[in-house]
Number of protein chains: 2
Amino acid sequence: MSEASEREEAVRESAESAESAAPDVAELQRRITELEDRWRRALADLDNLRKRVSRDAERVRAEERARAAAEWLPVLDNLERALEHAESDPASIVEGLRAIRDQAQDVLARLGFPRRDDAGTVFDPARHEAVATLAQEGVPDGTVLHVVRPAYGDGDRQLRPALVVVAREG
Amino acid sequence: MSEASEREEAVRESAESAESAAPDVAELQRRITELEDRWRRALADLDNLRKRVSRDAERVRAEERARAAAEWLPVLDNLERALEHAESDPASIVEGLRAIRDQAQDVLARLGFPRRDDAGTVFDPARHEAVATLAQEGVPDGTVLHVVRPAYGDGDRQLRPALVVVAREG
């Protein structure tokens with residue numbers, strides 16, 4: 001029986017038992033046995049669902065981990081290829097390395113964590129970690145002058161804050 | 001009330017109602033109202049748990065994706081650093097590139113998908129994809145001679161099969 005129809009039946013049967021003016025004891029006892037059975041089945045369903053939930057969580061985690069890891073395989077393949085070329089011709093690989101860097105940033109963006117450029121924004125302790133301050137003429141106090149290490153993602157989905165150099169009053 | 005103590009109570013009360021030889025109608029009706037209430041509460045708990053399960057699955061996925069993505073940030077940082085050095089001194093970066101490759105393979109191993117070396121093993125269609133065959137003296141038919149693209153992970157946890165060159169009878 002579906003959950004919705006079980007609920008409807010619960011309401012209907014409750015109304016019926018209120019209507020019957022002179023119920024006999026056998027009928028009431030039959031009803032008690034039935035309700036006990038239904039209550040016990042609902043508790044058993046609850047128990048089974050709780051067990052399934054904890055099993056499923058681990059499976060969902062493993063699947064998501066595999067999906068995220070698989071996204072990185074082409075980056076790793078290109079790294080290996082760049083390394084093979086680098087050994088024979090180091091000068092040729094700057095372009096290759098740049099392409100791999102872009103590819104790695106694309107992977108993070110697809111996973112929901114795009115690279116963030118914070119240069120020129122106002123310092124925000126939730127998004128930035130100041131590694132140094134610097135007086136610079138014409139730049140307002142608290143402006144991010146330079147990003148030492150970029151942030152990926154934003155808001156609830158920020159993987160890490162950016163490390164920044166911040167402007168201070170001269 | 002905990003689920004276990006509810007179940008114990010269900011058993012105990014069921015035994016009690018069987019014992020009472022001459023129950024009165026009011027007592028039976030009180031018992032029916034109580035059981036209806038408990039049954040309905042168990043169904044409501046089941047309903048709430050079902051709703052929570054579907055919400056939680058998305059949250060678990062997002063958390064796992066973030067955890068896997070965060071593992072790659074140091075690799076990306078090193079790639080950016082290698083690129084900065086490469087532009088000024090291309091010859092200096094072969095070592096740096098090799099370190100990044102090793103670091104990326106470590107990340108995949110930590111996520112549960114270590115790089116697999118299949119050279120010299122017997123060809124297995126579940127683990128290998130043959131891109132070519134080659135006759136080579138003294139090597140048994142079906143031996144993996146060379147891995148063109150490595151596999152990561154194994155068994156149920158294989159991200160992809162290896163692309164291989166296989167020995168055939170000359």
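In this predicted model, chain B can be laid on chain A with an RMSD of 0.5 Å by a turn of 180° and a shift of 0.2 Å along the axis. The two copies are thus related as by a two-fold rotation axis. In general terms, a rotation about an axis and a shift along that axis relate two copies of a chain. Within chain B, the residue that comes closest to the rotation axis is B:Trp39, whose C-alpha lies at 2.4 Å. Both copies use the same surface, for 100% of the contact residues of chain B recur in chain A.

The contact itself may be considered next. Chain B contributes 68 residues to it, and chain A contributes 68 residues. The size of an interface is often expressed as the accessible area lost when the parts come together. Between chain B and chain A, the buried area is about 6,800 Å², and carbon and sulfur atoms give 70% of it.

Side chains of opposite charge can pair when their charged atoms come close. Nine salt bridges are counted between chain B and chain A. In one salt bridge, the side chain of B:Asp77 meets that of A:Arg160, with a distance of 2.7 Å from N to O. Twelve residue pairs are in polar contact between chain B and chain A, both residues being at pLDDT 80 or more.

Which elements of chain B give two or more residues to the side that touches chain A? They are α1 (3-19), α2 (25-71), α3 (73-88) and α4 (93-110). The largest share, 30 residues, comes from α2(B). Sorted by class, the side of chain B that touches chain A has 40 nonpolar, four polar and 24 charged residues.

The N-terminal end of α2(B) is capped by B:Asp24, a side-chain oxygen of which lies 3.3 Å from the backbone nitrogen of B:Ala26.

Salt bridges also occur within a chain. A:Glu34 forms one with A:Arg31, the closest N and O atoms being 2.6 Å apart. Because A:Glu34 and A:Arg31 are three residues apart in helix α2 (residues 25-71) of chain A, about one helical turn separates them. An α-helix has 3.6 residues a turn, so residues three or four places apart point the same way. Over all chains, the structure holds 44 salt bridges.

Terms used. Residues are numbered from 1 along each chain as its sequence is written. Chains are lettered from A and ligands numbered from 1 in the order in which they are written. Side-chain values use heavy atoms; hydrogens and water are left out. Contact means heavy atoms within 4.5 Å. Buried area is the accessible area (1.4 Å probe) that two parts lose on being put together, summed over both. A salt bridge is a side-chain nitrogen of Lys or Arg within 4 Å of a carboxyl oxygen of Asp or Glu. A polar contact is a pair of N or O atoms within 3.5 Å; within protein, one must be able to donate a hydrogen and the other to accept it, and residues adjacent in sequence count only if both atoms are side-chain atoms. Helices (H or I, at least four residues) and strands (E, at least two) are DSSP runs, numbered from the N terminus. Ala, Val, Leu, Ile, Met, Phe, Trp, Tyr, Cys and Pro count as nonpolar, Asp, Glu, Lys and Arg as charged, and the others, Gly among them, as polar. Copies are superposed by least squares on the C-alpha atoms of residues with pLDDT of at least 70 in both.
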